[in-house]
Amino acid sequence: MDTNSLQHQLEPFITQALGDGPLAVRALHVLRALPRDVVADFLADPQFRIAMDDYQPGKGRTVWLACPTIGNGSRSVILKPRLAECDAAFAYYIIAHELAHAHLRNGGYGAITDPEHAADALAAEWGFGKVARR
Ligand SMILES: [Zn+2]
C-alpha cells in the first residue's frame, strides 16, 4: 500500500470511529507519525478498532469493547473523551501508548516483557515519550 492511499484511508477510518472533533484530530496527528507498515497493518486488520469511551457514571456504557490493558490480544483502542481537552502532549502520549499496545497485541517489545513498559518504549520510539499529566 503506498503512502497516499494509506493517508486517504486513515482519515475516513478515524472520522467513522471518533467523529471529526478534537479527539479525532489528535488521533490523526499520532497515526500520521507512526511507521507506514504499522498503520497499514492496523487498517488491514478487522480486529483493530478505535472507539471513544462513552462511559458515564451511573449510566454505564452503551458500547463496551475489550480493554487493551486486559492482555488477551485485543486490538481495540478505547480513548477517553477527556483526551480531547487535556494537554496535547499528554494526549498524544496516551494515544500512542494505546496504539502501541494494539501493535504489540498487549505483549512485550524486544527484551521488555512488561506490556506497560513495552507500550511506553514503543510509543517513545514513535516520537511520543512519556509525558506526565498536567
Ligand atoms: Zn497501557
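Helix axes are lines fitted to C-alpha atoms over the stretch in contact, and angles between them run from 0 to 180 degrees between N-to-C directions. The views below come from a predicted model, in which local features need pLDDT of at least 70, side-chain atom pairs count only at pLDDT 80 or more, and totals for chains, interfaces and linings use all residues. Residues are numbered from 1 along each chain as its sequence is written.

View 1. Helices (H or I, at least four residues) and strands (E, at least two) are DSSP runs, numbered from the N terminus. Along the sequence their pattern is α-α-α-β-β-α-α. Of the 134 residues in the protein chain, 30% are buried. A residue is buried if 20 or more other C-beta atoms lie within 10 Å of its own, exposed if 12 or fewer, and partly exposed in between, with C-beta atoms placed from the backbone. Two residues are in contact if their C-beta atoms, placed in that way, lie within 7 Å. Among contacts between residues at least 6 apart in sequence, 59% join residues at least 24 apart.

**View 2. Helix 4 covers residues 88–104.** Helix 4 has 17 residues and spans 24 Å from its first C-alpha to its last, close to the 24 Å expected at 1.5 Å a residue. The expected span is 1.5 Å times one less than the number of residues. Because 13 of its 17 residues are buried, helix 4 is largely enclosed by the rest of the structure.

**View 3. The largest nonpolar core has 30 residues.** A nonpolar core is a set of buried Ala, Val, Leu, Ile, Met, Phe, Trp, Tyr and Cys residues joined through C-beta atoms within 7 Å. Those with the most contacts inside this core are A27, V30, L79, I95, A96, L99 and A123. Two or more residues each come from helix 2 (22–33), helix 3 (36–44), strand 2 (76–79), helix 4 and helix 5 (115–125). Helix 4 gives the most, with nine residues. Leaving out residues up to four places away in sequence, A123 touches Y93, A96, H97, A100 and F128.

**View 4. Helix 4 packs against helix 5 at an angle of about 115 degrees.** Their axes are 8 Å apart. The two helices are therefore roughly perpendicular, a term for angles of 65 to 115 degrees. On the helix 4 side, Y93, A96, H97, A100, H101, H103 and L104 take part, and they meet P115, A118, A119, D120, L122 and A123 of helix 5.

**View 5. R105 and N106 lie in the loop between helix 4 and helix 5.** N106 has a positive phi of about 60 degrees, although it is not a glycine. Most residues other than glycine have a negative phi. R105 counts as partly exposed because it has 14 C-beta neighbours inside 10 Å. N106 has 22 such neighbours inside 10 Å, so it counts as buried.

**View 6. E11 sits in helix 1 (residues 3–18).** E11 is partly exposed, because 14 other C-beta atoms lie within 10 Å. E11 and L31 are 20 residues apart in sequence, and their C-alpha atoms are 9.8 Å apart in space.

Methods: Parallel < 35°, antiparallel > 145°, perpendicular 65-115°, else oblique.
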